Amino acid sequence: MMNFDFTPEQEMLRSTVRKFVDKEIMPYIKEWDERGYFEPSILKRLAELNLMGVCIPEKYGGMGMDYNSLAIVCEELERGDTAFRTAVSVHTGLNSLTLLQWGTEEQKQKYLVPQAKGEKIGAFALTEPNAGSDVASISTTAVRDGDDYILNGQKTWISLCDIADHFIVFAYTDKSKKHRGISAFIVERTMPGFSSKAIKGKLGIRAGNTGELFFDNVRVPKENLLGEEGEGFKIAMSALDNGRFTVAAGAVGLIMACLEASIKYCHERKTFGKEIGRHQLVQQMIAKMEAGLQISRLLVYKVGFLKNQGRRTTREASLAKWIACDFANQAADDAVQIHGAYGYSNEYPVERYLRNSKAPVIYEGTREIHTIMQAEYALGYRVDKPLRKTLPAWSPESVTL
């Protein structure tokens, strides 16, 4: 049975996050964006609301809500700013859900539980200076030495680089096997030889912490191998399914923000003796935003529905991420156009929306990568094979908001 209604718990969750964004982010985001400053207390306050592990089972320290509840959180956070949705995407979508799917019970107790509670922050380290879409081109290595692995290499464009306590890091354990020789490791910030450095001068998401990681003979215990040796590529791709889901949900929130700002301005601004919302070409831009919002939201919630059933969502998450991010980028461009010259100034938030909207079209699979994926699925060239471990289906548990 298809049901397009939100549960009372989901409605309460949306209200809680929206009030949080209006109170804790909206009044300060212009200043943070101008300064290129990430406000770490936001994560602590999200943890106090149990939002850092909203869809993680209660037995692992989370709230135990369904996967679409994570989408709701990401929507509402991005309505405030992409930086804070990104933080939850990385911490929950890319890291914690990956631990839930692939981690041993010992790893879940040590790393997932404190992350779900928001006591520790998790991040995800795959991209390198010469390896983005081409994952097999990574050069970071992990060499077995007794009961440890020795990691050497560099990662870049890593969100929460200076904030996170734990990182899921991908490295070659056997270069001769190409992508089948990549393995995944849980690395702690405090391990000797680890360092990080923020990237400055970004076009958008300036209030977010993004940068580089360096591994100089970092000794990682064999117990921190995530999955099996050579399983890293599969782990990375399954993690991206979850990350793309949250990115798409965030794009819905950005479209929502663009629409809210544009409608408000349409009623305030008058030209040729009437509100600009009365002009048909302005209405056309508003209509495109509304269409993009509704289409993207349906694609996102379909992914969440499938995740709740325990089904793989590689194809559906790819489509949702591609389409929602493109709609968000277009909505932000139209929002600036509606605001005219004022849209070119940070007196209004739409110029920030436009700057922020570009990165999601690139990261976690570029628009071009997702275009190819969808064509290959349609043509029958791409078929998803079963994974050794799957993300658990959602089963209703008691929820405390």
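A: The axes of helix α5 (residues 82–102) and helix α7 come within 9 Å and cross at roughly 145°. Helices (H or I, at least four residues) and strands (E, at least two residues) are DSSP runs, numbered from the N terminus, while axes are lines fitted to C-alpha atoms, for helices over the stretch in contact, with angles running from 0 to 180 degrees between N-to-C directions. This is a predicted model, in which local features need pLDDT of at least 70 and side-chain atom pairs count only at pLDDT 80 or more, whereas totals for chains, interfaces and linings use all residues. Residues are numbered from 1 along each chain as its sequence is written, and side-chain values use heavy atoms, with hydrogens and water left out.

The crossing of α5 and α7 is right-handed; a crossing is called right-handed if the near helix is turned clockwise from the far one by less than a right angle, and left-handed if anticlockwise. Among the residues that meet there are R85, L94, L97 and W102 in α5, and K234, I235, V247 and G250 in α7, where contact means heavy atoms within 4.5 Å. By class, this contact has 7 nonpolar, 9 polar and 2 charged residues, counting Ala, Val, Leu, Ile, Met, Phe, Trp, Tyr, Cys and Pro as nonpolar, Asp, Glu, Lys and Arg as charged, and the others, Gly among them, as polar.

Helix α7 (residues 232–268) also packs with helix α10 (residues 350–362), their axes coming within 11 Å and crossing at roughly 160°. That makes α7 roughly antiparallel to α10, a term for angles over 145 degrees, while those under 35 count as roughly parallel, 65 to 115 as roughly perpendicular and the rest as oblique. The crossing of α7 with α10 is left-handed. On the α7 side the contact is made by V247, L254, A257, C258 and A261, and on the α10 side by V350, Y353, S357 and P360. This contact has 8 nonpolar, 1 polar and no charged residues.

UniProt, in an unreviewed entry, places "domain: Acyl-CoA dehydrogenase/oxidase C-terminal" at residues 230–375; its positions are given in the numbering used here, feature names are shortened, and annotations may be inferred rather than shown by experiment. Over residues 230–375 the chain is 78% helix and 3% strand. The unreviewed entry also lists "domain: Acyl-CoA dehydrogenase/oxidase N-terminal" at residues 7–119, a stretch that is 71% helix and 0% strand.

For residues 123–218, listed as "domain: Acyl-CoA oxidase/dehydrogenase middle" in the unreviewed entry, the chain is 0% helix and 50% strand. Strand β2 (residues 141–145) and strand β3 (residues 148–159) pair in the antiparallel sense over 5 bridges, pairing being assigned if DSSP finds at least two bridges between two strands. In this pair A142 stands opposite L151 in β3, and in the hairpin, which has 2 residues between the strands, G146 takes a positive phi near 65°. Strand β3 is in turn joined by 9 bridges to strand β7 (residues 210–221), again antiparallel, with L151 partnered by V218 and S159 by T210. Strand β6 (residues 194–198) pairs with β7 in the antiparallel sense over 5 bridges, and F194 stands opposite F215 in β7.
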